[in-house]
Amino acid sequence: MSVTAILARLVFGGPELRPIRNGCVVVEGDRIVAVGPRSSLAKRALDGNTIDLGDAALLPGFINLHVHLDFDGSPDFLNAAKLIDEQTSTLLAVDSAARALAAGVTTVRDLGNKYAVAIALREASSKGWIRAPRIFAAGKAICMTGGHGWFIGLESDGPHDMRKAVRQNLKLGADCIKVIATGGVLSPGVEVGSAQLDEDELVVAVREAHKAGRRVAAHAIANVGIKNALRAGVDTIEHGCYLDDEAVDMMKKRGAWYVPTLRAPQAMYGLEGLAPYVVRKVNQVYDAHRESFKLALKKGAKIATGTDAGTPFNAHGDYAIEMRLMTELGMSAERALRAGTVDAADALGIKGEIGEITAGACADLVAVDGDPLRDIGATRRVRAVVARGRMSTA
Ligand SMILES: [Zn+2]
């Protein structure tokens with residue numbers, strides 16, 4: 001198997017993303033086999049194929065915990081979702097995946113497609129048929145009848161139906177389960193402040209998923225729904241726009257992760273071309289969402305990165321904006337980098353496998369222009385991406 005030494009001015013090594021000056025990462029096949037200052041590595045490693053990235057900084061490949069690959073950010077989400085057919089959905093998802101990869105995103109968790117196409121894409125990506133990130137796919141999001149996202153989801157009412165819906169997703173090959181615990185911004189006729197799937201339904205979803213070794217992500221905007229989902233035992237709270245002390249304490253006590261997706265409302269805020277009900281609800285959640293993030297940060301909740309890419313004006317290549325938004329609201333650059341790499345891997349349950357530059361981990365890397373600890377905006381300036389040991393240059 002070919003050995004490649006990748007040289008960069010800064011290499012963020014290990015789970016703590018420790019900056020190594022004049023660093024070197026040695027890759028064999030799809031694995032990292034050594035990392036350290038270039039002076040410390042054996043001559044043998046440096047004698048093989050060497051790629052010198054000059055003054056770039058090398059980070060673990062980014063992880064986006066919340067995407068919808070079958071949507072491209074068009075403003076009229078409802079009609080796009082209603083009209084799209086399965087073939088178009090698949091082709092669009094292939095394009096979205098390529099855009100994410102070019103932005104340094106080497107792993108995505110897809111939280112719901114109308115036709116569950118991300119499951120097939122996951123296979124195509126792992127077999128090397130398409131250039132795409134590693135994909136964790138939820139299949140179809142599970143909502144109550146007429147609930148948020150019903151036009152792309154799997155409607156399910158009562159524990160019996162829910163058990164079946166989770167099993168249907170698992171049968172399709174889902175890696176995780178997505179449940180809709182509250183109303184949402186992009187569906188007409190539902191309110192962001194309302195709870196949706198009931199606690200007894202969520203409990204069954206979590207039990208079925210955990211039985212199969214899969215994690216559960218809950219779309220949860222409203223406070224009551226966030227708490228229903230946490231009591232039911234979900235693993236990640238998505239959006240969490242109306243957190244309070246009690247909700248954050250529950251997250252901490254139960255070990256749940258918070259995936260704020262700050263980018264989702266921010267992408268739409270103040271822009272034209274959106275349906276009036278979307279504008280109204282974006283304005284409604286915008287400030288509360290940011291305050292919720294600050295509260296979770298202050299109280300020490302576990303936070304990881306997702307953008308909800310695919311929603312209006314929220315492109316698959318715009319991943320780095322989320323890190324910038326987190327730092328604007330008080331998170332350190334170092335922590336924001338971890339939220340998008342090592343912590344996101346932890347939220348997926350595969351810490352050590354991806355999200356860090358450590359011997360033994362998968363060779364998923366992103367080279368950026370500048371020092372992201374000094375300027376988080378450097379994460380937008382992607383120079384090269386290595387996914388499962390294969391390099392592409394921006
Ligand atoms: Zn979403």
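A: In this predicted model, the cysteine sulfur closest to that of Cys 24 belongs to Cys 362, and the two atoms are 17 Å apart, too far for a bond. A disulfide would require the pair of sulfur atoms to lie within 2.5 Å. Cys 24 is also buried, its relative accessible area being 0%. A search of the whole structure accordingly returns zero disulfides.

Cys 143 leads on to a tryptophan. When neighbours within four places in sequence are left aside, Trp 150 is in contact with Cys 143, Lys 82 and Glu 155. Trp 150 lies in the loop that runs between strand S9 (142–143) and strand S10 (154–155).

The division of the chain gives the wider setting. Domain 1 is made of two segments, 3–61 and 355–393, while domain 2 covers 62–348. Taken over C-alpha atoms, the centres of domain 1 and domain 2 are 29 Å apart. At their interface, 25 residues of domain 1 are in contact with 29 residues of domain 2. The area buried between domain 1 and domain 2 is about 2100 Å², and 62% of it falls on carbon and sulfur atoms.

Polar and charged pairs also occur at this interface. Two salt bridges are found across the interface of domain 1 and domain 2. A salt bridge joins the side chains of Arg 380 and Asp 318, with 3.7 Å from N to O. Five residue pairs are in polar contact across the interface of domain 1 and domain 2. On the side of domain 1 that touches domain 2, the elements giving two or more residues are strands S5 (57–60), S16 (365–368), S17 (382–387) and S18 (390–393). Of these, S17 gives the most, with four residues.

Definitions and conventions:
Residues numbered from 1 in each chain as written. Predicted model: local features only at pLDDT ≥ 70, side-chain atom pairs only at ≥ 80, totals over all residues. Heavy atoms only, no water. Buried < 20%, exposed > 50% of the residue type's maximum accessible area, 1.4 Å probe, protein only. Domains from an automatic or database assignment. Contact = heavy atoms within 4.5 Å. Buried area = accessible area lost by both parts, 1.4 Å probe. Salt bridge = Lys/Arg side-chain N within 4 Å of Asp/Glu carboxyl O. Polar contact = N/O pair within 3.5 Å; in protein donor to acceptor, adjacent residues only side chain to side chain.
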